[in-house]
Amino acid sequence: MQPNDILKYCLDNLPDTVLVSSWGERGIFYNPNNTLKRGIYVLTVKEKDGDNDKSSDLNREKIYRVNIGIRKNTFINMFGSVPARPPKGGIVDMPYDFAKTDKILPHPVYAWMSWVCALNPSDTTFERLKPLIQEAYEYAKEKYSKRK
């Protein structure tokens, strides 16, 4: 599974989504008819470390991370609790190796907002991500309807 495959899957299967590149990553946003400036986040693909996000060691060759914003109750069911927001430049206080590939993990920086991630997911792991992507999409649609 490559980053472009994941982004294409989203664009092909999640109506009214758009691809936006910014902040060194590419994101899928829910944005029917481009009515909002960017839209509502569904998923991002990050392929390099950022100033405040180095814990996944994305500067390794051919390493990328898929990031997905899910509902709080789903996150709690998966990981037990939502961590506190980390200090600027820090990571969440959770017992995970955030550089591990092919595993669904809490997001190292945004787990406090119920985001999950996976580095270089295999086809099998991507199949496990699909319901989370669908949930993030439905959640984005709800947020969008509240903004209109």
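How many cavities of 30 Å³ or more does a search of the whole structure find? I note that this is a predicted model. The search returned one cavity of 30 Å³ or more.

Entry on the lining. I listed the residues around the largest cavity: Val20, Ser22, Trp23, Glu25, Arg26, Gly27, Phe29, Arg38, Tyr41 and Thr44. Sorted by class, this lining has four nonpolar, three polar and three charged residues.

Which strand gives the largest share of the lining? I found that β2 does, with four residues. At least two lining residues each come from β1 (17-22), β2 (25-30) and β3 (40-46).

Entry on the core. I then looked up the largest nonpolar core and got 31 residues. Val42, Leu43, Ile68, Val116, Leu129 and Ile133 have the most contacts inside this core. The largest share of the core, eight residues, comes from α3.

Entry on Val116. What does Val116 touch, not counting residues up to four places away in sequence? I wrote down Val66, Asn67, Ile68, Ile70, Phe75, Phe79, Ile104, Leu105, Pro106, His107 and Leu132. Among these partners is Ile68, also listed with the residues that have the most contacts inside the core.

Conventions: Residues numbered from 1 in each chain as written. Predicted model: local features only at pLDDT ≥ 70, side-chain atom pairs only at ≥ 80, totals over all residues. Heavy atoms only, no water. 1 Å grid on protein atoms, 1.4 Å probe; cavity = no way out; pocket = protein on both sides within 12 Å on 5 of 7 lines; lining within 4 Å. Points joined across faces, edges and corners; volume = space filled by probe spheres on them. Nonpolar A, V, L, I, M, F, W, Y, C, P; charged D, E, K, R; others polar. Core = buried A, V, L, I, M, F, W, Y, C linked by side-chain atoms within 4.5 Å. Buried < 20%, exposed > 50% of the residue type's maximum accessible area, 1.4 Å probe, protein only. Contact = heavy atoms within 4.5 Å.
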